[in-house]
Amino acid sequence: MAGNKAAAQQRQAGGVCYELARRRVKNLNLRVRSDGTVAVSIPMRTPVREADAFVLAHRDWIEAAVQRQLRRAARPLPDREAALAHFTALSRQVFPAFAGALGGRMPVVKVRAMTSRWGVCAPAKRQITFALALYDMPPEAQLYVVVHEFCHFLVPNHSPAFWAEVEKRLPDWKARRRLLREG
């Protein structure tokens, strides 16, 4: 969209270097990219000092997130065929709990390199795609993602009803999800 994005400027706050951009957004947004760089976008009329203060207040979290991203980037992606076989096997273990909702037919399982998601469910296509990098996460976290994506065949959004379905199947889902953020 034309005019939605102004040129980014490099800034520093509390020893954290970041890229600042003014955008047509309602809130200040912070992102640590896969290469470890930090980006902050702010509403058009927000003073720059608010971005600096936000970065400073979240410095410890940002530094930990940068280190996580750099560790992830240093790990080579696993073999796609091995990952597909692995996630297909995990999906087959989970499938019986969802067979009724799926008419007794296993969904198509795919694997691809994704940078911002661990999995994606496309109920209309009867398909689940897992991130290749999920293969390197702890088994408990992998199972959480598989169950999470299968639950989208029951509830297509992240409403309270969806989370209730996840909790029914994995009461410790929050701890499992935390492993993905720490990994």
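**Salt bridges in a predicted model**

At 27% relative accessibility, Arg169 counts as partly exposed (buried is under 20% relative accessible area, exposed over 50%, partly exposed in between, with a 1.4 Å probe and protein chains only). This is a predicted model, where local features need pLDDT of at least 70, side-chain atom pairs count only at pLDDT 80 or more, and totals for chains, interfaces and linings use all residues. Residues are numbered from 1 along each chain as its sequence is written, and side-chain values use heavy atoms, leaving out hydrogens and water.

So who does Arg169 pair with? Its partner is Glu165, in a salt bridge whose closest N and O atoms are 2.7 Å apart (a side-chain nitrogen of Lys or Arg within 4 Å of a carboxyl oxygen of Asp or Glu). Both residues sit in helix α5 (residues 160-169), four residues apart, about one turn of the helix; helices here are DSSP runs of H or I, at least four residues, and strands are E runs of at least two, numbered from the N terminus. Glu165 counts as buried, at 16% relative accessibility. Lys168 joins in too: Glu165, Lys168 and Arg169 are linked in a network of salt bridges.

Next, look at Arg176 and Asp172, whose side chains meet in a salt bridge at 2.8 Å, N to O. Arg176 is buried at 14%, while Asp172 is partly exposed at 38%.

Now for Glu19, which bridges to Arg33 with the closest N and O atoms 2.9 Å apart. That pair links distant parts of the chain, 14 residues apart: Glu19 is in strand β2 (residues 16-23), and Arg33 is in the loop between β3 (29-32) and β4 (38-43). A search of the whole structure finds five salt bridges.
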